[in-house]
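This briefing takes up a helix-to-helix contact and the aromatic pairs of the structure shown below. The points are grouped by topic, so that each can be checked against the model.

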Amino acid sequence: MNEPLAPEAAKWVIREILRAGRLTYSSHAKQELLADELTTLDVVNVLRGGVVRPGEFEHGSWRYRVETQRLAIVIAFRSALHLVVVTACRRRP
C-alpha cells in the first residue's frame, strides 16, 4: 500500500478492514481506552462514522486521525487488511 493515503482512500481502507480485515490495539491505546472509559465498540463506531484527517508521518509510519465531535482515534496501517489503533481519547471542549 502506497502511503500517504488521501483521507477518502484511507476511509475506504478502514471500512474494508472493519469488514474483512484485522484491527489491533497498541498497548498505549489500551491504556488510553481504560483511562477515558472507552470501549472497542466506541473505537469501531468512530472508525466507521468519523472524519479521516490527512496522514502525518510520525515515529516511522503514517498516522491518520479519525474524529467525531466527542472522540479521536489515531491509527496506522500495517497492510491493506490490518490496522493498529495507536491511541484514542475523548476530545475536550
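**Helix contact and aromatic pairs**

In the contact between helices α1 and α3, Lys11, Ile14, Arg15 and Leu18 of α1 meet Val44, Val46, Leu47, Arg48 and Gly49 of α3. The model is a predicted one, and a search of the whole structure finds two aromatic pairs in it.

**How α1 and α3 cross**

- Helix α1 covers residues 7-20 and helix α3 covers residues 40-49, and their axes come within 9 Å of each other while crossing at roughly 140°.
- The crossing in which α1 passes α3 is left-handed.

**The pair of phenylalanine 57 and tryptophan 62**

- A pair of aromatic rings is described by the distance of the centres and the angle of the planes.
- For phenylalanine 57 and tryptophan 62, the ring centres are 5.4 Å apart and the planes stand at 65°, so this pair is edge-to-face, the cut-off for that class being over 60 degrees.
- Phenylalanine 57 counts as exposed because its relative accessibility is 53%, whereas tryptophan 62, at 24% relative accessibility, counts as partly exposed.

**The pair of tyrosine 64 and phenylalanine 77**

- Tyrosine 64 and phenylalanine 77 form a tilted aromatic pair, with 5.3 Å from centre to centre and 55° between the planes.
- This pair links distant parts of the chain, as tyrosine 64 belongs to strand β4 (residues 61-67) and phenylalanine 77 to strand β5 (residues 71-79), with the two residues 13 apart.
- Both partners are buried, tyrosine 64 with a relative accessible area of 0% and phenylalanine 77 with a relative accessible area of 5%.

**The surroundings of tyrosine 64**

- When its neighbours within four places in sequence are left aside, tyrosine 64 is in contact with Glu3, Pro4, Leu5, Ala10, Val52, Arg53, Pro54, Gly55, Ile73, Val74, Ile75 and Phe77.
- Phe77 in this list is the partner of tyrosine 64 in the tilted aromatic pair.
- Tyrosine 64 and lysine 11 are 53 residues apart in sequence, yet their C-alpha atoms are 9.8 Å apart in space; lysine 11 is also one of the α1 residues that meet α3.

Definitions and conventions: Residues numbered from 1 in each chain as written. Predicted model: local features only at pLDDT ≥ 70, side-chain atom pairs only at ≥ 80, totals over all residues. Heavy atoms only, no water. Axes fitted to C-alpha atoms, helices over the stretch in contact; angles between N-to-C directions. Helix = DSSP H or I, 4+ residues; strand = E, 2+ residues; numbered from the N terminus. Left-handed = near helix turned anticlockwise from the far one by under 90°. Contact = heavy atoms within 4.5 Å. Phe/Tyr/Trp six-rings, centres within 6.5 Å; stacked < 30°, edge-to-face > 60°. Buried < 20%, exposed > 50% of the residue type's maximum accessible area, 1.4 Å probe, protein only.
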